[in-house]
Amino acid sequence: MGIFDISTQQKSHNIEKKDEIVNRLIDTFQPLCEELESNNDLYIFKKFKAEKTFLSYDLKVTVKESKESFTIDFEGELQNVWILVILIVLGILVTYGIGVILIAAFAYLQKKSSTKYIENSFEKLKKDISSE
């Protein structure tokens, strides 16, 4: 995992509605990616781009089930790293290093925004399903 990659874990105690939560989560994230690959309890969203963000990630969603609860792990690998590398090199050459701070801050804020979007989507789905 790189410094600008997404990594978060969400837990739900409502094991009975696991399939419904996972299906709604897939329905929510699928329009935001180019391709979806699934294999049992592993879902990979290729070039996932959260709302109001510019950077895309390959988001890997893993569902782990225990007796009374289930956990969903979200791991996103930043795509187009070469664009950031080019911008950092240009930032060093043109702005004597000050631009690197701006580029790193931008990428970090994109990571935080994407992580917050994923966490909020999961919490919203849990609330919607538990209120039904």
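Modeller: Helices (H or I, at least four residues) and strands (E, at least two) are DSSP runs, numbered from the N terminus. This is a predicted model, in which local features need pLDDT of at least 70 and side-chain atom pairs count only at pLDDT 80 or more, while totals for chains, interfaces and linings use all residues. Residues are numbered from 1 along each chain as its sequence is written, and side-chain values use heavy atoms, with hydrogens and water left out.

Biologist: Thanks! How many helices and strands does the chain have?

Modeller: There are three helices and five strands. Starting at the N terminus, their order is β-α-β-β-β-β-α-α. The C-alpha trace spans about 55 × 25 × 25 Å along its principal axes.

Biologist: Let's do helices. At what angle do helix 2 and helix 3 pack?

Modeller: Helix 2 (residues 81-95) packs against helix 3 at an angle of about 150°, and their axes are 6 Å apart. That makes the two helices roughly antiparallel; angles under 35 degrees count as roughly parallel, over 145 as roughly antiparallel, 65 to 115 as roughly perpendicular and the rest as oblique.

Biologist: And which residues meet there?

Modeller: From helix 2 you have L84, L87, I88, G91, I92 and T95, and they meet I98, G99, V100, I103 and A107 of helix 3. Contact here means heavy atoms within 4.5 Å. By class, the contact has eight nonpolar, three polar and no charged residues. For those classes, Ala, Val, Leu, Ile, Met, Phe, Trp, Tyr, Cys and Pro count as nonpolar, Asp, Glu, Lys and Arg as charged, and the others, Gly among them, as polar.

Biologist: What about helix 1 and helix 3, at what angle do they pack?

Modeller: Helix 1 (residues 18-29) and helix 3 (residues 98-131) pack at about 135°, with axes 10 Å apart. That makes helix 1 oblique to helix 3. Helix 1 brings E20, I21, R24, L25, T28 and F29 to the contact, and the residues from helix 3 include Y117, I118, F122 and I129. This contact has eight nonpolar, two polar and four charged residues.

Biologist: How many bridges join strand 2 to strand 3?

Modeller: Five bridges join strand 2 (residues 35-39) to strand 3 (residues 42-48), and the two run antiparallel. E37 stands opposite I44 of strand 3. Their hairpin has two residues between the strands, and N40 there takes a positive phi near 55°.

Biologist: Then how do strand 3 and strand 4 pair, parallel or antiparallel?

Modeller: Antiparallel, over five bridges. In that pairing Y43 stands opposite V61 of strand 4.

Biologist: Now single residues. Is K18 buried or exposed?

Modeller: K18 is buried, because its relative accessible area is 9%; buried means under 20%, exposed over 50%, and partly exposed in between (1.4 Å probe, protein chains only). K18 sits in helix 1. Leaving out residues up to four places away in sequence, K18 touches D41, V63, E65 and F70.

Biologist: And S56, where does that lie?

Modeller: S56 lies in the loop between strand 3 and strand 4 (57-65). At 8% relative accessibility, S56 counts as buried too. Beyond its neighbours within four places in sequence, S56 contacts K47, F48, K49, E77, L78, Q79 and N80.

Biologist: One last stop: what about G76, buried or exposed?

Modeller: G76, in strand 5 (residues 70-78), counts as buried at 0% relative accessibility. Across the chain, buried residues make up 39% of the 132 residues.

Technical notes: Pairing = 2+ DSSP bridges. Axes fitted to C-alpha atoms, helices over the stretch in contact; angles between N-to-C directions.
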